[in-house]
Amino acid sequence: MAQYDVLIVGAGHGGAQAAVALRQNKFEGTIAIVGDEPELPYERPPLSKEYFSGEKSFDRILIRPAAFWAERQVDMLLGKRVESVDPAAHNVTLTDGSTIGYGKLIWATGGAPRRLTCSGHHLSGVHGVRTRADADRMLGEMDRTTNVVVIGGGYIGLEAAAVLSKAGKKVTVLEALDRVLARVAGEALSRFYEAEHRAHGVDVQLGAKVDCIVGDDQDRVTGVKMHDGTIIPADMVIVGIGIVPAVEPLIAAGAAGGNGVDVDEYCRTSLPDIYAIGDCAMHANPFADGARIRLESVQNANDQATTAAKHILGGTDAYHAVPWFWSNQYDLRLQTMGLSMGYDETIVRGDPANRSFSVVYLKNGRVLALDCVNAVKDYVQGKALVTGGVSPDKASLADPEIPLKSLLPA
């Protein structure tokens, strides 16, 4: 049986950063990363943006080249999946029946695309966007694709819609709620992006209720049937309705959790010597008023990876990082600082018609978060307002001519 001092399960951003942080902090023990894809760790966000559009080759989205991992003696166990965890014996069993022992285990598996509850997912031409293989399958179908239906008006869906629209495809976005980005942003930002996509020829349908995905006798997708019986033609369907955290082996082994696995301020699970990080880790976040949440972001995966690595090395620094996110659509760069959940007021700073503005989220007058569209200065300067829990003058906050840094207490 192979044995490692630290075994990392998951070869995404979090898993890669955990190995990097261990070596950067002078860990000299053995390390291995188990990944269920055959590729070395790579960046996920470009899958629906630069990689999908052809702006970046796969080599350019690798987190580190192969030589990096070899030089740092990080064993890559790729194309393998962990089926079960035995916390008492300190080992994991892979789907091929082999067993790997560990001293410490870092679980960084992320999640799998959430599926619709209706029929039709099995049809050729229906895709999620989570892996390189997903993106490659879609790219391989582009030449024979005219009509695309994107189910889900979140960031993944809208980013894919932007790329496909620019590629000349006829794109329809179906969002079940009354606005896009409803779970992550305020109405001002939602309406702005709805208008932008429509201006680029995308048919954005809100309150859209899907009945099923339909296909031909060759099991190739032909359309999406709505609750009212309407069928929207489709040569390709992209389902972007979130992820299901990949934590089943940990939960089966007795870890506390449900929608993800519960971790403490050091990213430790309830099982001995097992940590969890990234999209699958349910943690108490100070920027959500201490609510237990999962954060699906590169920032969270990387920062939790560093927290876990340092704790393994004897550190006592708890996880405390300001959440940030980004999204590229058309020529728009959205940068988000903080978490807007629980806001009771929004202030729009600048004019959306100029395609450069910020939405500031407040709770009891205190700045929680900012969504900055082509407004880099607001994004950079707004961090101090979020971390400081500042309650600035609202008229000044709304004036784009007044720098945000000037609103900080003396």
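Predicted model: local features only at pLDDT ≥ 70, side-chain atom pairs only at ≥ 80, totals over all residues.
Modeller: Residues are numbered from 1 along each chain as its sequence is written, and side-chain values use heavy atoms, with hydrogens and water left out.

Colleague: Fine. What makes the radius of gyration of the protein chain agree with a compact globule?

Modeller: The radius is taken over C-alpha atoms, and the globule rule is 2.2 Å times the number of residues to the power 0.38. For 410 residues that gives a value near 22 Å, and the chain has 22 Å, so the two agree. The C-alpha atoms fill a box of roughly 70 × 60 × 35 Å along the principal axes.

Colleague: How many helices and strands are there in the chain?

Modeller: Ten helices and 26 strands. Both are DSSP runs numbered from the N terminus: helices are H or I with at least four residues, strands are E with at least two.

Colleague: And how much of the chain is buried?

Modeller: Buried residues are 53% of the 410. Buried means under 20% relative accessible area, exposed over 50%, partly exposed in between, using a 1.4 Å probe and protein chains only.

Colleague: What makes a set of residues a nonpolar core?

Modeller: They must be buried Ala, Val, Leu, Ile, Met, Phe, Trp, Tyr or Cys, joined through side-chain atoms within 4.5 Å. The largest such core has 39 residues, and Val171, Leu189, Tyr193, Ile238 and Val373 have the most contacts inside it. Helix α5 (residues 155-166) gives the most to this core, with six residues. Apart from it lies another core of 26 residues, including Val20 and Ile277.

Colleague: Which residues does Tyr193 touch?

Modeller: Contact means heavy atoms within 4.5 Å. Leaving out residues up to four places away in sequence, Tyr193 touches Leu181, Gln329, Leu332, Leu334 and Val373.

Colleague: Tyr193 is one of the buried residues of α6. How do you know that the span of helix α6 agrees with its length?

Modeller: The expected span is 1.5 Å times one less than the number of residues. For the 13 residues of α6 (residues 187-199) that should be 18 Å, and the end C-alpha atoms are 18 Å apart, so it agrees. The buried residues of α6 pack against α5, β11, β22, β23, β25 and β26. After the helix comes Gly201, with a positive phi near 90°.

Colleague: Why is β25 called mostly covered?

Modeller: Six of its seven residues are buried.

Colleague: What makes β25 and β26 a pair?

Modeller: Two strands pair if DSSP finds at least two bridges between them. β25 and β26 have seven, running antiparallel, so they pass the cut-off of at least two. Val359 has Asp371 in β26 as its bridge partner. The two strands form a hairpin with two residues between them, and Asn364 in the turn has a positive phi of about 55°. Five bridges also join β24 (residues 345-349) to β25, again antiparallel, with Thr346 opposite Tyr361.

Colleague: Why is β8 called an edge strand?

Modeller: It pairs on one side only, as does β11. They belong to an open sheet of five strands in the order β8-β15-β9-β10-β11, with parallel pairing. Within it, five bridges join β9 to β10, and Asn147 has Lys170 as its partner in β10.
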